[in-house]
Amino acid sequence: MTWTQDLIVVLAGIGAGLMNTVIGSGTLIAFPALLAVGLPPITANVVNNIGLAPGSLSGALGYRDQVPPPLRRTLTLAGAAGTGAVAGALLLLVLPSDVFQAAAPVLIGVAVLLAAFQPQLNRALLARQKAPSAHAAAPLTVAVFLTSVYGGYFGAGQGVLLFACMSVLMRETLQQVNGLKNTLQAVDNTVSALIFSFTAHVDWTAVLLLAVGAMAGGQIGARAGRRLPAPALRGIAVGVGIAGVAYLVSS
């Protein structure tokens, strides 16, 4: 890649790492940027997954003080997230590449809608937030597993899906839910990244550039991102996501 393309990937990593930590949907920035510099869709997805994993870890560390007890629940949900990540990553590796290329525009389109309507979703969740029933633990574990399968396969909008499910099934504040969400997303991304590292074709130069940007963006999101105007970040994600859909459909 040229130095201009290198810079695009680094900046995309910063934007994606910041967005994943603050509101989710960072893949809507990173994946189209990787396509724009010439990577094939599946290679771009693998690079996106591996490259954003350090940013997810960085963001999770920045939010670690918001992860609510008990530790036993966190470990159980982390196990579900890791198992789901394995299943999603294996689906990407086993299914024909044509399946992913056909599904990618649809998946990005769904993620764009989730990002665009996240404020309305948050208000609805906040209005409904109450103590969960005694049987909420099992649905929560299943929800984390299923969203992690999606995250291991593609991941755009996974954070929004995970946040929505957890907000309905947990009684903690939204900030605490977000803290736990960041932890589980980091587990999902890390596990699938490890699988892809040993089993898929990886453009390691692009991974390194994206990872450097994502780690910086994750720290910016954890420290200052909560003060940034969410509508502006969301607008960028939606616009880039729409451009990504248009590119995939036309190519």
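## Cavities and how they are found

On a 1 Å grid over the protein atoms alone, a cavity is a set of points where a 1.4 Å probe fits but cannot get out, and its lining residues have an atom within 4 Å of a point. This is a predicted model in which local features need pLDDT of at least 70 and side-chain atom pairs count only at pLDDT 80 or more, while totals for chains, interfaces and linings use all residues. Residues are numbered from 1 along each chain as its sequence is written, and side-chain values use heavy atoms, with hydrogens and water left out.

## The largest cavity

Searching the whole structure turns up two cavities of 30 Å³ or more. The largest cavity has a volume of about 110 Å³, a volume being the space filled by probe spheres set on the points, which are joined across faces, edges and corners.

Which residues lie nearest the centre of the largest cavity? They are Thr27, Leu52, Gly155, Gln185 and Asn189, from a lining of 15 residues. Two or more lining residues come from each of helix H3 (41-62), helix H8 (158-169) and helix H9 (174-199), and H3 gives the largest share, three residues.

## The chain as a whole

Now look at the whole fold. The chain has eleven helices and zero strands; helices (H or I, at least four residues) and strands (E, at least two) are DSSP runs, numbered from the N terminus.

Of the 251 residues in the chain, 50% are buried, meaning under 20% relative accessible area with a 1.4 Å probe, protein chains only. Among contacts (heavy atoms within 4.5 Å) with a separation of 6 or more, 83% join residues 24 or more positions apart.

Notes: On a 1 Å grid over the protein atoms alone, a cavity is a set of points where a 1.4 Å probe fits but cannot get out, and a pocket is an open set with protein on both sides within 12 Å along at least five of seven lines; lining residues have an atom within 4 Å of a point.
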